[in-house]
Structures are given as structure tokens and as C-alpha cells.
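The sequence and structure are shown first, and the description follows.

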Amino acid sequence: MNTPDLSGLPVTEKLRIVTQLWNDIASSPDAITVPPEVICEASRRSAELDADPSLAIDDDELWRRVDG
């Protein structure tokens, strides 16, 4: 499947495909390799939050930002 072909699909179909892919990846016995730079960034963000817990947001704020 060509990714430009996906742009014309309705959102519901895109979500169905994403869900199928996610489930396939989750059930795969293959290990997922996390790139070192992603681990480094996660560690940096964790340390930043440990140093200043006021940076955290609650669930309501998270969803407000997600929903726009």
C-alpha cells in the first residue's frame, strides 16, 4: 500500500488500519528496539519533571490540549 493512497481514506478507515497495525505489532514476538536518542530524551524529560513537578499537567489539561 502506498502512503499517498491513505490520504484519501475516511478517518474511520484510517483508524481501522492503525488499530490493525498496532494490534499486529503488539502481538509480535519480535523485540522493539528503541533508538538511544529516544531513551535519552525520555530520561531528560523525566529528570526535568523530577526537578520541577509543577511542569506536570493533569488528565483534564492533557485532553484539553489533545482536543484543541
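How many positive and how many negative side chains does the protein chain have, and how far apart do the centres of the two sets lie? In this predicted model, the protein chain carries 6 positive and 14 negative side chains. The centres of these two sets are 6 Å apart.

**Fold and dimensions**

The secondary structure consists of 4 helices and 0 strands, and the order along the sequence is α-α-α-α. The protein chain is more spread out than a compact globule, because its radius of gyration is 18 Å, well over the 11 Å that the globule rule gives for 68 residues. The C-alpha trace spans about 45 × 35 × 20 Å along its principal axes.

**Surface**

Of the 68 residues, 3% count as buried, where buried means under 20% relative accessible area. The accessible surface amounts to about 6,300 Å², and carbon and sulfur atoms account for 59% of that surface.

The following table collects values for the protein chain.

| Property | Value |
|---|---|
| Span of the C-alpha trace | about 45 × 35 × 20 Å |
| Accessible surface | about 6,300 Å² |
| Distance between the centres of positive and negative side chains | 6 Å |

**Nonpolar patch**

Leu 21, Ile 25, Ile 32, Val 34, Val 38 and Ile 39 make a nonpolar surface patch of about 560 Å². At least two residues of the nonpolar patch come from α2 (11-27), and at least two from α3 (36-51). Leu 21 lies in helix α2.

Note on methods:
Residues are numbered from 1 along each chain as its sequence is written. This is a predicted model: local features need pLDDT of at least 70, side-chain atom pairs count only at pLDDT 80 or more; totals for chains, interfaces and linings use all residues. Side-chain values use heavy atoms; hydrogens and water are left out. The radius of gyration is taken over C-alpha atoms; the globule rule is 2.2 Å times the number of residues to the power 0.38. Buried means under 20% relative accessible area, exposed over 50%, partly exposed in between (1.4 Å probe, protein chains only). Accessible areas come from the Shrake-Rupley method with a 1.4 Å probe; for residues, only the protein chains shown count as cover. Lys and Arg count as positive and Asp and Glu as negative; His and the chain ends are not counted. The place of a charge is taken as NZ of Lys, CZ of Arg, CG of Asp or CD of Glu. Patches are made of residues with over 30% relative accessible area and no salt bridge: like charges are joined within 9 Å, nonpolar side chains (Val, Leu, Ile, Met, Phe, Trp, Tyr) within 5 Å. A salt bridge is a side-chain nitrogen of Lys or Arg within 4 Å of a carboxyl oxygen of Asp or Glu.
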